[in-house]
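Trainee: Hi, I'm new to this one. Could you walk me through it?

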Amino acid sequence: MSIAENIKQLKETLPQGTSLVAVSKFHPSTAIAEAYAAGQRVFAESRPQELLKKVQELPESDYPGLEWHFIGHLQTNKLKMVLPYVSLVQSVDSIRLLDEIQSWAAKNYRIVDVLLELHVAMEDSKQGFYEEEIVELLFRAQTYKNIRFRGLMAMASNTDDSSIVEADFERADSLMAYLVDLFPELEDFNQLSTGMSHDWPLAVKHGSTMVRIGTAIFGERE
Ligand SMILES: *Cc1c(COP(=O)(O)O)cnc(C)c1O
C-alpha cells in the first residue's frame with residue numbers, strides 16, 4: 001500500500017482521542033512530503049542532524065502546519081539543534097536534560113512542551129524515569145518556569161508476548177491517571193504517547209492518546 005493509503009487506514013482505525021505521529025526517521029523528505037500531501041501534519045525524528053536536514057528540506061513556507069516532535073535520546077550538547085524546531089520533546093529521560101532544556105528555554109524566551117519518558121520495558125537498555133522519579137519531579141514542576149509538562153511517553157518491552165506488552169502499557173496508563181489526579185494544577189498534562197507499528201492496538205486499548213508509527217506508514221527503514 002502507498003504512504004497515503006497507510007495513513008488513511010490508520011486514521012480511520014484510531015479512536016477519536018488518539019492522534020497519529022508519523023515517525024519519519026531514516027526515510028527521505030520525499031516520503032514526508034507524500035505523507036503531508038495525504039494530510040499528515042505531525043512527524044517525529046530521533047536524530048538531531050537528520051531533523052535539521054529535513055527542517056531545511058521542508059520549509060514552513062511550502063509546508064504550512066507541518067510539526068516536528070523529537071523522540072530520540074537527546075544529548076544536552078545537541079539541544080540547540082533541536083529545540084528551535086520542535087513542538088514537543090517526547091523523550092525527556094533525565095533531570096539533567098530537563099534542567100538544560102529549562103535554561104535554554106529561559107534564555108530564548110520560549111516555553112518548551114515535553115513528555116517525560118517512563119521506563120516500563122523489561123530491557124535495561126530502554127531509557128527513562130521510574131515512576132517514583134516522575135512523581136518527585138512533578139512536585140517541583142513549578143520550578144521549571146519555561147517547561148510545559150504535557151504527559152508521558154513509554155515504549156513497551158520488545159517481545160511477542162502480548163500479555164507483557166499489555167502490562168507495560170497498563171503501567172503507563174495507571175501512572176498517567178495517578179499523576180493527573182495528584183497534580184490537577186498541571187492543566188496541560190494529558191498526553192500518553194504509547195504504541196508503535198507492531199503494538200499500537202494494545203496501546204490504544206490502554207489509554208494511548210498519541211501513537212508513534214513509522215514502519216506501518218513508510219515501510220521498512222534502510
Ligand atoms: C522508531 C521509533 C518509533 C517507530 O517505530 P515503528 O516500529 O517503525 O513504528 C516509535 N517510537 C520511538 C521512540 C522510536 O524510536
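Predicted model: local features only at pLDDT ≥ 70, side-chain atom pairs only at ≥ 80, totals over all residues.

Trainee: Okay! Which residues surround the ligand?
Mentor: V23, K25, I71, M155, M196, S197, R212, I213, G214, T215 and R221.

Trainee: How far is the side chain of K25 from an oxygen atom of the ligand?
Mentor: An N or O atom of that side chain is 2.6 Å from the ligand oxygen. For S197, a side-chain N or O atom is 2.5 Å from a ligand oxygen, and a polar side-chain atom of T215 also lies 2.5 Å from one. The protein covers 91% of the 390 Å² of accessible area (Shrake-Rupley method, 1.4 Å probe) that the ligand has on its own.

Trainee: New topic: what volume does the largest pocket have?
Mentor: About 520 Å³. Of the 26 residues lining this pocket, K25, I71, M155, M196 and R212 are the closest to its centre. A pocket here is an open set of points on a 1 Å grid over the protein atoms alone, where a 1.4 Å probe fits, with protein on both sides within 12 Å along at least five of seven lines; lining residues have an atom within 4 Å of a point.

Trainee: And what takes up that space?
Mentor: The ligand does.

Definitions and conventions
Residues numbered from 1 in each chain as written. Heavy atoms only, no water. Near = heavy atom within 4 Å. Polar contact = N/O pair within 3.5 Å; in protein donor to acceptor, adjacent residues only side chain to side chain. Sits in = over half its atoms within 2 Å of the grid points. Points joined across faces, edges and corners; volume = space filled by probe spheres on them.
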